[in-house]
Amino acid sequence: MNSSEKIAIVPCSGIGKPYGTVSRVAAYQVTEDERPEQTRLVPLALLVMGDEEYGRIVAESPAITIDGCSQACATKMVLQSGGTVIRECSVLGTARSHRDLKPQGIAELNEDGEKLADALAQEIVDVIDACVQPSKGGSHA
Amino acid sequence: MSDFLEVTIDKFTFRVDQSCHYSSEGIWARMEDGRVRLGLSDFLQQRSGDIAFIDVKPAETLLKLDDEFASIETVKVNVMLASPVSGKIVLVNPALDLKPELINQAPFGEGWVCEVEADNLDADRQRMLDADTYFKKMKSEAEEEVRQK
């Protein structure tokens, strides 16, 4: 991909379980704080509703999906919308690498949940940085 | 090839392998070549949720009836798994180390947990439920959970 193309970040939209919240907190971190210039947050619910604008964004942009459970709704919906998933991230996968962290809370995560979101966000940032090539002669921050 | 009993309750479909016996908590036991293979029933794995971790007692562990042979940590709960047979663990499914989700994906197949050399298989089998009986019990529990929603 080139440096002007934004990556769609599509998190789980599940409610009622901490893992869904972890996926969204990680997505906000990436799109608002860590890599706002290279990414765009896509609400899964709008894809499900058939929203034209977000359907077009997903169809035209590479996507990183963040699934909160094995149903993998985010990944399935992006593929169904004609998008290209360059990385399927899962909260469960990240949690398995951080067994000491026990996320709790739904509206507000506990400290372990926040740490797990940080770890997931870092995984996503690593994927973005590996994908985004600096333009010729330019520098990449 | 196994045959299955199947029921759909609400949006969930549960299968019961007819080649197995079951504990009332939903541990299945399949007798194979003098060994007993143990795993989680489809109902138990679906009710527990996506499995993040499983700890299985190592080979050579001696089990009494209802001793813990493994524990799972899911996105929802931690569950201790009690053995429906007494004997010695002789084999632990190595695939679960890297892919505990096999239990969710194939609870009666690749997601088996361990194999036990049973001390008193005939008596243990008599205590367990056959597939038809477990199917009725599981169906009743699942329907009750839906009613309580």
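This is a predicted model: local features need pLDDT of at least 70, side-chain atom pairs count only at pLDDT 80 or more; totals for chains, interfaces and linings use all residues.
**Overall build of chain B**

The C-alpha atoms of chain B fill a box of roughly 40 × 35 × 30 Å along the principal axes. Of the 149 residues, 42% count as buried. Contacts across the sequence are a further part of the picture. Among contacts in chain B with a separation of 6 or more, 62% are between residues 24 or more positions apart. The secondary structure comes to 4 helices and 11 strands.

**An open sheet**

One sheet in chain B is open and has 3 strands, in the order β6-β8-β9. The pairing is antiparallel. Strands of a sheet pair through backbone hydrogen bonds, either parallel or antiparallel. The edge strands are β6 (51–56) and β9 (78–82) of chain B, and each pairs on one side only. From one strand to the next, the twist averages 20°.

β6(B) and β8(B), the latter spanning residues 68–74, are joined by 5 bridges and run antiparallel. Asp55(B) stands opposite Ser71(B), a residue in β8(B).

**Two aspartates with positive phi**

Asp10(B) has a positive phi although it is not a glycine. The description of Asp66(B) reads likewise: positive phi, not a glycine. The table sets out both.

| Residue | Phi | Loop in chain B | Other C-beta atoms within 10 Å |
|---|---|---|---|
| Asp10(B) | about 60° | between β1 (4–9) and β2 (12–17) | 10 atoms |
| Asp66(B) | about 75° | between β7 (62–63) and β8 | 14 atoms |

Is Asp10(B) buried or exposed? Asp10(B) has 10 other C-beta atoms within 10 Å, so it is exposed. The cut-off for that class is 12 or fewer. Asp66(B) has 14 other C-beta atoms within 10 Å and is therefore partly exposed.

**Where chain B meets chain A**

How many residues does each chain bring to the contact? Chain B gives 6 residues and chain A gives 8 residues. On the side of chain B that touches chain A, the residues divide into 3 nonpolar, 1 polar and 2 charged.

Definitions and conventions:
Residues are numbered from 1 along each chain as its sequence is written. Chains are lettered from A and ligands numbered from 1 in the order in which they are written. Two residues are in contact if their C-beta atoms, placed from the backbone, lie within 7 Å. Ala, Val, Leu, Ile, Met, Phe, Trp, Tyr, Cys and Pro count as nonpolar, Asp, Glu, Lys and Arg as charged, and the others, Gly among them, as polar. Two strands pair if DSSP finds at least two bridges between them. Helices (H or I, at least four residues) and strands (E, at least two) are DSSP runs, numbered from the N terminus. Axes are lines fitted to C-alpha atoms, for helices over the stretch in contact, and angles run from 0 to 180 degrees between N-to-C directions. A residue is buried if 20 or more other C-beta atoms lie within 10 Å of its own, exposed if 12 or fewer, and partly exposed in between; C-beta atoms are placed from the backbone.
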